[in-house]
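Visitor: Please show me the structure, and then we can go through some questions about it.

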Amino acid sequence: TPRITEVSLPNSPLVSFRVVILAGSINDPAGKEGLNALTSAMIGEGGSKSLTYKEIVSKLYPWAASIDARADKEVTTIIGEVHRDHLQAFYKIFWELIASPRFDAEDFARIKDERLNYLRNTLRGNDDENLGKSGLNLVMYPNHPYRTVVAGTVQGLTAMTLEDVKAFHRTMYSQNRIVFGIAGGYPKEFIDQVKKDLAFLPAGTSTDVALPVVSQPTGVEGLIIQKDSRATAISFGYPIDVTRADKDFYALLVANSYLGEHRTFNGVLMNHLRGDRGLNYGDYSYIENFIQDGGSTFPSPNT
C-alpha cells in the first residue's frame, strides 16, 4: 500500500510534493549501471503521455512551478512545487509524468547523451572534488553496490536502450515502492484524488536488494587518480555503521561539528588549513553521505 505523508498549511500559498521511489543505483542491473538515474531523468527532463517536454516547460514557466528528479543510491525523489491557484492543472502534469512518462526516443537520446557527457567530460575533466569522492567510494566499497557513481558508467549507459528504461519503470514505479509527500495550502479533499491515482499504479513486488557487509580497510589503502590539472582534491575516510537511528549519532554529530561542517568556519580543519595557513579553499568532514542542497550548508533531504 502506498504511504502518504501530508502536512496541511492552510495559509501557505504554495503546495510542495515529494514522491520518494524506493529504488536507486543499487537496483541497476549489472552492465546497465545508471539505469535508475536515466529513468528518473526521463521524468524530470522529459515529456508525459499527453504533453511533450517542450509543452510542459511552456506550461510550468508562467506558473513559476517546477518539477525535478533526484536519483540517489537507495531512493529516487520526484519533487514538485506550485502556487495553490494552479494546483489542479499542475498536479495533472506532475502525476502523469510519474505514472505515464512519454518515453520519447528523442528525449531518451538527449538525456542519455547528457549523462555520458557528464561522466566523460564534467566528472573526469572539470569536477575534481566529486571525482575524488567517486574514487573514495571505489576504495571503500569493493564488490558492493555503493561503489558505483549514481549517474552510472560510460559502458552501462552506452549499452542502455529505451526498452530498458520502460521495463525498469514498470517494475520500480509501483504501489509498494512509493512514498507520497505533500505539504502546503492544498484543499483537504485533494488527498482523495491522490489516493485514487496511487491505486492505479501496479502493485509491484517488494524484493529488496541484499546489500553485502561492507569490508573494513586493512591498514592504509589509497587510490591516486592522475590527470593534467593544477588543482588537487583529497578525500579520505572509512565506512561506519552508525546511522540516524543510533543514539551515538548525536554525539558523533557534535564531534563532527568540532572537526569541520560543510562550508562553515567553526571546524578546526577549515580554521587551520585555510584560515591560519591559507593553503586551500575549503576543508570539511562528514559522518554520512552529504548531497549538497545548492550552495547551502545543509544536505539535500530525501537521499
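Guide: Contact means heavy atoms within 4.5 Å. This is a predicted model, in which local features need pLDDT of at least 70 and side-chain atom pairs count only at pLDDT 80 or more, while totals for chains, interfaces and linings use all residues. Residues are numbered from 1 along each chain as its sequence is written, and side-chain values use heavy atoms, with hydrogens and water left out.

Visitor: Which residues is L35 in contact with, leaving aside its neighbours within four places in sequence?

Guide: L35 is found in helix α1 (residues 35-44); helices are DSSP runs of H or I with at least four residues, numbered from the N terminus. Leaving aside neighbours within four places in sequence, the residues in contact with L35 are D28, P29, M160, D164, V165 and F168.

Visitor: Is L35 buried or exposed?

Guide: Buried means under 20% relative accessible area, exposed over 50%, and partly exposed in between, with a 1.4 Å probe and protein chains only. L35 has a relative accessible area of 3%, so L35 is buried.

Visitor: What distance separates the C-alpha atoms of L35 and M160?

Guide: Along the chain, L35 and M160 are 125 residues apart. Their C-alpha atoms are separated by 7.4 Å.

Visitor: Are α3 and α8 roughly parallel or roughly perpendicular?

Guide: The axes, lines fitted to C-alpha atoms over the stretch in contact, with angles from 0 to 180 degrees between N-to-C directions, come within 12 Å and cross at roughly 15° for α3 and α8 (residues 190-199). Angles under 35 degrees count as roughly parallel, over 145 as roughly antiparallel, 65 to 115 as roughly perpendicular and the rest as oblique. α3 and α8 are therefore roughly parallel.

Visitor: Which residues of α5 does α4 meet?

Guide: The axes of α4 (residues 105-126) and α5 (residues 128-140) come within 6 Å and cross at roughly 95°. That makes α4 roughly perpendicular to α5. From α4, L123, R124 and N126 take part, and the α5 residues they meet are D128, N130, L131 and S134.

Conventions. Helices (H or I, at least four residues) and strands (E, at least two) are DSSP runs, numbered from the N terminus.
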